[in-house]
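Please look over the sequence and the structure first.

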Amino acid sequence: MKDLSVYRNIGIFAHVDAGKTTTTERILKLTGKIHKIGEVHDGAATTDFMEQEQERGITIQSAATSCEWDGHRLNIIDTPGHVDFTIEVYRSLKVLDGGVGVFCGSGGVEPQSETNWRYANDSEVARIIFVNKLDRIGADFYRVVKQIEDVLGAKPLVMVLPIGVEENFIGVVDLLTRKAWVWDDSGDPTQYEIVDPPQDMLELIDEWREKLVETALEQDDDLLEAYLEGNEPSIDDLKRCVRKGTIALDFFPTFTGSAFKNKGVQNVLNAIVDYLPNPTEVEPQPEIDLEGNATGGRAIVDPSGPLRALAFKIMDDRYGALTFTRVYAGTLKKGDNVLNTFTGKTERIGRIVEMHADSREELDSAQAGDIVALLGMKNTRTGHTLADENNPATLEPMVFPDPVISIAVSPKDKAASEKLGVALNKMIQEDPSFRVATDEDSGETLIKGMGELHLDIKVDILKRTHNVEVDVGKPQVAYRETITQTVEDSYTHKKQTGGSGQFAKMDYVIAPGEPNSGYTFLSKVTGGNVPREYWSAIEKAFRVSMDEGTLAGYPLLDVNFTLMDGAFHAVDSSAMAFEIATKNAYRQTVPKASPQLLEPVMKIDVFTPDDHVGDVIGDLNRRRGMIKSQDTGVTGTRVKAEAPLGEMFGYIGHLRTMTSGRGQFSMEFSHYAPCPQNVAEEVIKEARERKAAK
């Protein structure tokens, strides 16, 4: 039986380019897992093993690896920072016990850091903070700490102070021991000395150490009382309090350094061991029934308990499909039969492997607390639960966002045509935020995703990984429709054809719902005028009808349907008759409720040199953008805005031209908003022309 107290399941997450993958490389070097450090900018990082990652210098899919530090086993997941791949961060956080949030010393809290932090809050993951790149021009540790408080609403607990900054950054002062860790310029992370701190920092060290001690001791009333009476707590007591507060999410121990220059990473490794929880110290996963309701059961982390494991990622490689799985309870052995509670079918575990990026190590078994990859799983998808056949239970699944952009792809030749379906099917299994549909009007294959880069990479994977050459159409916006007025209406469905007929009568009200409220169904029928057994047929038929709006065929959002009254026939009424009546009522009434077209609005974050701010803002205004804020930093200005997705295609090329190649931007979905009349008319006209052409 493995000792779970020495396990740490952690993820490393941050905004694009804050240095997550570089930090992971340094951790692997220090723990002896790799002997030569690979650099992201050389395309040689261990965890960036996809061709597309190496070329672009970004992380696209999360990679898992394991290593040892100070007698502890670390299972690490390096996640992407780019907003189009947030899904990878979300599903990784779902199965982790702790995380390291990496922030850029000069960039500070960037938009993707906010999204990832929010996901980590939702998943209640304990975190430590690493303010990286302190050697960069414009780096300011104290400014980043303040931003973490102001922008994220988090409570950073400063554990180290930097010695020097920018090119003079040489090390850190550990506030617990009041000792300085100073690295030499050899670039070897193991070449450091622990010495007394610089004299000119003593006052600053005392000030920050007092804050640290007071915050930590709030976790233990007796120690706090003793401290207020003048008794200094021991370092072990302080560490125990910091660990307790970190696991309770009361604060986040904060470190600093430069991963690229090999300074400060040991302190982060020590903090992972000292302060982040082991699998038994986090809240056990709740169990649910097949309808998604909590059963009150919990997957207690116990290797001898019934099996509870969650598949959180599917990855296809040259050996077949790998199913990345977190084992929460019980033990998994090679050759076992396990129940997939989503499909209701049993599957046999072919092989169990421990991953180190794209290489692997065979295992005979895995137990509660382990993160492993399984081979031979035929029908298991992301979010499915694997459980004991004789004692089944389902774990809370993952919820994935809907895509906001789609493009049409068509195979270039017959050979590609035959392979396209198989390739797309594999890609859907790997990435739940990637969807495929067939346009009923044109017969085209549409691929849908979270942004232009997301789809660009997918087309690249089709070409290189699956050898499928495709022609790509222009991007399409995922519009939506809603209604703006309340309408009371009635519909009677009557059909008489020899033998029993069909009869259903409904009086109902459809009304606009609150934004993001979805679809609500309510029945106010009394006296059995519409028998209760038909209500679910009505509710379901209206929901299905909402997939196609009456303006331009886009899905309908935020509608309340209330069944007021109706009538039925003892012989001729049936669930089918009420279903048909509902679908016809939808087509009859929605056009009367002043339907309106909605467009996806994106959160835009643009970084530009100061001398191009006016051009960038003017351009965003022309794109119907609303400027939300401007934040001037040392190296340039960050402009935050909201703009419709339809106006943002090709923006990165335009921004680079405007800023002589120095501008950067990120974009993520914010909300749906009503389309201006002229845009709506154009979209509706195009949709009707497509339908007519069919």
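Buried means under 20% relative accessible area, exposed means over 50%, and partly exposed is the range in between. The model described here is predicted. Its salt bridges number 23.

**Arg178 and Asp206**
- Arg178 and Asp206 form a salt bridge through their side chains, with an N to O distance of 3.6 Å.
- Arg178 sits in the loop between β8 (171-174) and β9 (179-183), and Asp206 sits in helix α6 (residues 202-217), so the pair ties together parts 28 residues apart in sequence.
- Arg178 has 38% relative accessibility and therefore counts as partly exposed.
- Asp206, at 41% relative accessibility, is also partly exposed.

- A salt bridge links Asp619 to Arg622, with the closest N and O atoms 3.9 Å apart.
- Both residues belong to helix α14 (residues 613-622) and are three residues apart, about one turn of the helix.
- Asp619 is buried at 4% relative accessible area, whereas Arg622 is exposed at 62% relative accessibility.
- Arg624 and Glu647 meet in a salt bridge of 3.2 Å, N to O.
- Arg624 is in the loop between α14 and β36 (626-632) and Glu647 in the loop between β37 (637-644) and α15 (651-658), so this pair ties together parts 23 residues apart in sequence.
- Arg624 is partly exposed at 29% relative accessibility, and Glu647 is partly exposed at 28% relative accessible area.

- At the start of helix α7 (residues 221-228), a side-chain oxygen of Asp220 comes within 3.0 Å of the backbone nitrogen of Asp222.
- Gly230 follows α7 and has a positive phi, near 100°.

Key: Residues are numbered from 1 along each chain as its sequence is written. This is a predicted model: local features need pLDDT of at least 70, side-chain atom pairs count only at pLDDT 80 or more; totals for chains, interfaces and linings use all residues. Side-chain values use heavy atoms; hydrogens and water are left out. A polar contact is a pair of N or O atoms within 3.5 Å; within protein, one must be able to donate a hydrogen and the other to accept it, and residues adjacent in sequence count only if both atoms are side-chain atoms. Helices (H or I, at least four residues) and strands (E, at least two) are DSSP runs, numbered from the N terminus. A salt bridge is a side-chain nitrogen of Lys or Arg within 4 Å of a carboxyl oxygen of Asp or Glu. Buried means under 20% relative accessible area, exposed over 50%, partly exposed in between (1.4 Å probe, protein chains only).
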